[in-house]
Amino acid sequence: MNVQFKKGVLELCVLVLLDKQDRYGYELVQKISDQIAISEGSVYPLLRRLTKEGYFTTYLKESTEGPSRKYYALTEEGRIYLQELLADWQKFTDGVNQLIKEGVRNE
């Protein structure tokens, strides 16, 4: 899949996954990687930026499999931002799908 496509939707994917439950970084990477091939290194800078912008809070939680894990939790501001992104995504995909319908020959 095109790298620019992935970059554009990665933020949305992270926000959507955190809307349902708090998660740690590697867990997010694994969950997204199940659907979209991404590199682990692409998620962590995004998590730092979104935390700095106030969309996430973080906390440490003990792990039975090694050191404590840093969990990310969506803030109320993050939930509002997610809803805005989802609305933008819907408009964008509707427009692209309409153009595909009009422009692709189905012979």
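Is F92 buried or exposed? F92 is exposed, with a relative accessible area of 53%; here buried means under 20% relative accessible area, exposed over 50% and partly exposed in between, using a 1.4 Å probe and protein chains only.

**Before you start**

You are looking at a predicted model, in which local features need pLDDT of at least 70 and side-chain atom pairs count only at pLDDT 80 or more, while totals for chains, interfaces and linings use all residues. Residues are numbered from 1 along each chain as its sequence is written, and side-chain values use heavy atoms, with hydrogens and water left out.

**Stop 1: the whole chain**

Show the chain as a cartoon and colour by secondary structure. Helices (H or I, at least four residues) and strands (E, at least two) are DSSP runs, numbered from the N terminus.

Now turn the model around. Its C-alpha atoms fill a box of roughly 60 × 25 × 20 Å along the principal axes. The radius of gyration is 16 Å, whereas a compact globule of 107 residues would have one near 13 Å; the radius is taken over C-alpha atoms, and the globule rule is 2.2 Å times the number of residues to the power 0.38.

Of the 107 residues, 32% are buried.

**Stop 2**

Select Y59 and Y71 and show their side chains. The count for the model is 5 aromatic pairs. Rings of Phe, Tyr and Trp (its six-membered ring) pair if their centres lie within 6.5 Å; planes under 30 degrees apart count as stacked, over 60 as edge-to-face and the rest as tilted. Y59 and Y71 form a stacked pair, 5.6 Å centre to centre with 10 degrees between the planes. Y59 sits in strand 2 (residues 56-63) and Y71 in strand 3 (residues 66-74), so this pair ties together parts that are 12 residues apart in sequence. Y59 is partly exposed at 33% relative accessible area, while Y71 counts as buried at 12%.

**Stop 2: T58**

Stay in strand 2 and select T58. T58 is partly exposed, with a relative accessible area of 34%. Leaving aside residues up to four places away in sequence, T58 touches T51, K70, Y71 and Y72, where contact means heavy atoms within 4.5 Å. Then draw a distance from T58 to T93: the two are 35 residues apart along the chain, and their C-alpha atoms are separated by 32 Å.

**Stop 3: helix 4 and its ring pair**

Move to helix 4 (residues 76-103) and select W89 and F92, which are 3 residues apart and separated by about one helical turn. Their ring centres are 6.1 Å apart and their planes are at 35 degrees, so the pair is tilted. W89 is partly exposed at 35% relative accessibility, and F92, from our opening question, is exposed at 53%.

**Stop 4: V16**

Finish in helix 1 (residues 3-20) by selecting V16. V16 is partly exposed, at 38% relative accessible area. Its contacts, not counting residues up to four places away in sequence, are L82 and L86. Draw the V16 to L82 distance: they are 66 residues apart in sequence and 7.1 Å apart in space, C-alpha to C-alpha.
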